[in-house]
Amino acid sequence: MMGGTFDPIHNGHLVAASEVASLFRLDEVVFVPTGQPWQKSDRKVSAAEDRYLMTVIATASNPQFSVSRSDIDRGGPTFTIDTLRDLHAEHGEADLFFITGADALSQIFSWRNAQDLFDLAHFIGVTRPGHTLANPGLPEGGVSLVEVPALAISSSDCRERVSKGEPVWYLVPDGVVRYINKRALYRDVG
Ligand code: ATP
Ligand code: MG
């Protein structure tokens, strides 16, 4: 699984998921857009349905990729511990892998019930330009660090580009560019 705000989903997310799926021979990657991201309460996050639909648009053509509404439908702030418990309930016997970029991995101990997370999933930290990938003191064997093709793309940068009228073609999938335009997202990012 790969959790994120996906505001918007971009090719950095997709390359990371595709690379990890190949390296770890995963059956499936489930993208889980957050409900209310409590660590991003300082900025306006796009409506959950817009972020969910962009994630669906971006992943629809890949038979290995799917999108879960789990965090969105639970309501309230999103905690990864709840996401993992829900996915376990949905995919009973499956081994869960949690894919996270270097920046998010380094903050993992600020997440709720951090210690319990490692009983529920194997963590895979991926390289991300501008961030150092390191095990932030996770249990031995509980985390793998892998190098993925470097795409210096962030959702923040995409939003800023759209707000300035700059292109995001080829940073996000074509369908996502069109969806952003259709819904007039990110026109005035604060
Ligand atoms: P924002 O700028 O709004 O924080 P973001 O680009 O960081 O957006 P998120 O939705 O916050 O995207 O990230 C979801 C997950 O994807 C996180 O684990 C993050 O580390 C990872 N990720 C995001 N962009 C990349 C990238 N270019 N390469 C590798 N991992 C990435
Ligand atoms: Mg981020």
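Me: Which residues of helix α4 (residues 80–90) are buried?
Reply: This is a predicted model, in which local features need pLDDT of at least 70, side-chain atom pairs count only at pLDDT 80 or more, and totals for chains, interfaces and linings use all residues. Residues are numbered from 1 along each chain as its sequence is written, and side-chain values use heavy atoms, without hydrogens and water. Buried means under 20% relative accessible area, exposed over 50%, and partly exposed in between (1.4 Å probe, protein chains only). In helix α4 the buried residues are T80, I81, T83, L84 and L87.

Me: Within what arc do the buried residues of α4 fall, seen down its axis?
Reply: The arc is that of the directions from the helix axis to the C-beta atoms. On the other side of α4, A89 and E90 are exposed. The buried residues line one face of the helix, because they fall within an arc of 160°.

Me: Are α2 and α8 roughly parallel or antiparallel to each other?
Reply: The axes of α2 (residues 48–59) and α8 (residues 174–182) come within 8 Å and cross at roughly 155°. Axes are lines fitted to C-alpha atoms, for helices over the stretch in contact, and angles run from 0 to 180 degrees between N-to-C directions. Angles under 35 degrees count as roughly parallel, over 145 as roughly antiparallel, 65 to 115 as roughly perpendicular and the rest as oblique. The two helices, α2 and α8, are therefore roughly antiparallel.

Me: Is E160 buried or partly exposed?
Reply: E160 lies in helix α7 (residues 155–163). Its relative accessibility is 41%, so E160 counts as partly exposed.

Technical notes. Chains lettered and ligands numbered in written order. Helix = DSSP H or I, 4+ residues; strand = E, 2+ residues; numbered from the N terminus.
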